[in-house]
Amino acid sequence: IYDGQLVFLNAGCTQCHEIKGFNESNEALLGPDLTHFASRPMFAGSSLKLTRENLESWLVDPPIVKPGSYMPKLKLTEIEISQLIDFLMELR
């Protein structure tokens, strides 16, 4: 398991998101399935272009980036955010 995967598993991401073959859930989840996240051109309800910079802003404070978002501020460190982005950007 890589650092970004550990962040995904331990930061609360799995409470709302799944990645098929990694943390599949039988329950209905609040957030979108992230299985092929990096192959999408947009994220955050198609409100942001998928770039490393946008993803970093989003992970720092989702409700500020998109008011009304259900995704909470996770209080991740800069290192955790970088590791999580590295992991998410490999999901094709």
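User: What is a nonpolar core, and which residues of the largest one touch the most other members?

Analyst: A nonpolar core is a set of buried Ala, Val, Leu, Ile, Met, Phe, Trp, Tyr and Cys residues joined through side-chain atoms within 4.5 Å. The model here is predicted. Its largest nonpolar core has 21 residues. Those touching the most other members are Phe 37, Phe 43, Leu 55, Trp 58, Leu 59, Leu 84 and Leu 88.

User: Which helix supplies the largest share of this core?

Analyst: At least two residues of the core come from each of H1, H2 and H4. The largest share is 5 residues, and the helix that supplies it is H4.

User: Within what arc do the buried residues of H4 fall, seen down its axis?

Analyst: H4 spans residues 78-88, with Ile 81, Leu 84, Ile 85, Phe 87 and Leu 88 buried. These buried residues line one face of the helix, because seen down the axis they fall within an arc of 160 degrees.

User: Is Glu 27 buried or exposed?

Analyst: Glu 27 sits in the loop between H1 and strand E1 (42-43). The cut-off for exposed is over 50% relative accessible area. Glu 27 has 62% relative accessibility, so it counts as exposed.

How values were computed
Residues are numbered from 1 along each chain as its sequence is written. This is a predicted model: local features need pLDDT of at least 70, side-chain atom pairs count only at pLDDT 80 or more; totals for chains, interfaces and linings use all residues. Side-chain values use heavy atoms; hydrogens and water are left out. Buried means under 20% relative accessible area, exposed over 50%, partly exposed in between (1.4 Å probe, protein chains only). Helices (H or I, at least four residues) and strands (E, at least two) are DSSP runs, numbered from the N terminus. The arc is that of the directions from the helix axis to the C-beta atoms.
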